[in-house]
Amino acid sequence: MIAIVGCGPAGISAALYTLRANIEITIIGTRQTALALAEKIENYYGFAQPISGKELFDIGIKQAKRFGCRVVAEEVVAISSCDKGFKILTPNPSEEFEVSAVILATGKQRGKVDIKGLLEFEGRGISYCAICDAFFFRGKKIAVIGDGAYAIAEANELLNVGCDVTILTNGSEPEVVSGSSIKLITKKIEIITGRERVERVIFEGGEEFETEGIFVATGVASSMDLARKLGVLTEGDRIVVNENGETNLPGVFAAGDCVNKLCQISLAVASGTVAGLSAVKYVRALRGELEK
Ligand SMILES: Cc1cc2nc3c(=O)[nH]c(=O)nc-3n(C[C@H](O)[C@H](O)[C@H](O)COP(=O)(O)OP(=O)(O)OC[C@H]3O[C@@H](n4cnc5c(N)ncnc54)[C@H](O)[C@@H]3O)c2cc1C
């Protein structure tokens with residue numbers, strides 16, 4: 001089975017090619033797509049009249065469903081390697097998947113958190129990946145910045161290595177609260193400070209929170225977050241792929257705005273096609289249907 005993460009133009013295009021090759025797939029994605037922000041599209045082939053991004057998104061989903069595939073409306077919080085290939089985790093335990101290949105089509109990372117001091121301490125106590133870095137912080141008092149399922153997933157990774165974890169929602173009400181040993185502070189953050197490394201968070205009003213490390217897990221896990229956790233090469237805000245949509249990790253493909261320099265629907269569709277066909281070839285080779 002192939003999992004496609006993202007149901008925008010790149011993910012749906014990859015899905016159409018895998019489905020028509022008779023490979024079982026699951027698409028996991030939400031409606032938070034760049035398309036939804038596009039009020040009017042008039043430069044994409046085949047539409048005599050402008051179409052809204054939302055309408056185009058819905059048409060794409062219907063098109064994939066026509067071939068009988070499931071579109072799971074969940075957020076992917078982590079992808080890890082497993083015996084079968086890859087395990088896809090969502091906040092809903094009944095919607096977790098073990099697959100032999102993954103296509104990342106999660107779009108461009110947008111609107112990450114802007115907090116004073118955050119950039120200054122990157123690499124000096126600030127991390128964006130619990131699976132990658134939790135080990136270095138084992139047993140320490142750690143803050144996770146975020147307010148949703150992704151923040152909880154990162155907090156749980158840190159609990160697993162004995163950290164004392166507090167989620168800082170930076171002024172918003174948490175979407176989900178779970179895990180009794182995870183503490184919560186909802187105050188708005190003024191600044192992150194320290195000397196050589198991160199030492200404290202100062203909230204608006206002056207209250208302070210001492211910490212030995214901060215994990216940033218705001219919003220939904222982005223293509224960069226998911227890729228980094230898997231050990232997939234990234235460069236700036238893009239996943240590195242070759243001309244076949246293959247990443248450096250066998251079985252992981254990527255397409256769309258998360259790989260393209262120019263972010264346009266036509267290019268997302270094209271790269272989805274390439275990644276979809278490459279994933280089909282990979283799965284068939286695994287099954288012994290093709291020479292690798
Ligand atoms: C304001 C605006 C106007 C635009 N106008 C045009 C235009 O006129 N013409 C044009 O060609 N292009 C336009 N674009 C660009 C176009 O929208 C993108 O190039 C295109 O949508 C990229 O497709 P994609 O599939 O790569 O990513 P997206 O469309 O962003 O889709 C990403 C998918 O991944 C999902 N996802 C992300 N993270 C996760 C996660 N952790 N778990 C599960 N799912 C996840 C999202 O929910 C979504 O389903 C515009 C973009 C913007 C922002």
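How many of the 8 residues of helix H6 (residues 223-230) are buried? In this predicted model, 7 of them are, and the helix is mostly covered. The buried set consists of Ser223, Met224, Asp225, Leu226, Ala227, Lys229 and Leu230. Burial here refers to a relative accessible area under 20%. Just after H6, Gly231 adopts a positive phi of about 90°.

**Packing of H1 and H7**

Two packed helices are described by the angle between their axes and the distance between the axes. For helix H1 (residues 9-20) and helix H7 (residues 265-286), the angle is about 35° and the axes lie 7 Å apart. The crossing of H1 and H7 is right-handed. On the H1 side, the contact is made by Pro9, Ala10, Ser13, Ala14, Tyr17 and Thr18. On the H7 side, the residues in contact are Ile265, Ala268, Val269, Gly272, Thr273, Gly276, Leu277 and Val280. By class, the residues of this contact comprise 9 nonpolar and 5 polar, with no charged residue. An α-helix has 3.6 residues a turn, so residues three or four places apart point the same way.

**Strand E10 and its partners**

Strand E10 (residues 164-168) is largely enclosed by the rest of the structure, because 4 of its 5 residues are buried. E10 pairs in the parallel sense with strand E9 (residues 141-145). From E9 the chain passes through helix H5 (residues 149-160) to reach E10, and this β-α-β crossover is right-handed. E10 also runs parallel to strand E11 (residues 183-185). Thr166 of E10 is the bridge partner of Ala143, and Thr166 also stands opposite Lys183 in E11.

**The five-stranded sheet**

An open sheet is formed by 5 strands in the order E3-E2-E1-E7-E18, with parallel pairing. Strand E3 (70-72) and strand E18 (252-254) stand at the edges; each has a single partner strand, so one side of each is left without a neighbour in the sheet. Neighbouring strands of this sheet are turned by 20° against each other on average, direction ignored. Strand E2 (residues 25-28) runs parallel to E3, and Ile27 stands opposite Val71 in E3.

| Strand pair | Sense | Bridges |
|---|---|---|
| E9 and E10 | parallel | 5 bridges |
| E10 and E11 | parallel | 3 bridges |
| E2 and E3 | parallel | 3 bridges |

Terms used
Residues are numbered from 1 along each chain as its sequence is written. This is a predicted model: local features need pLDDT of at least 70, side-chain atom pairs count only at pLDDT 80 or more; totals for chains, interfaces and linings use all residues. Side-chain values use heavy atoms; hydrogens and water are left out. Axes are lines fitted to C-alpha atoms, for helices over the stretch in contact, and angles run from 0 to 180 degrees between N-to-C directions. Helices (H or I, at least four residues) and strands (E, at least two) are DSSP runs, numbered from the N terminus. A crossing is left-handed if the near helix is turned anticlockwise from the far one by less than a right angle, and right-handed if clockwise. Contact means heavy atoms within 4.5 Å. Ala, Val, Leu, Ile, Met, Phe, Trp, Tyr, Cys and Pro count as nonpolar, Asp, Glu, Lys and Arg as charged, and the others, Gly among them, as polar. Buried means under 20% relative accessible area, exposed over 50%, partly exposed in between (1.4 Å probe, protein chains only). Two strands pair if DSSP finds at least two bridges between them. A crossover is right-handed if, with the strands pointing away from the viewer, the path from the first strand over the helix to the second runs clockwise.
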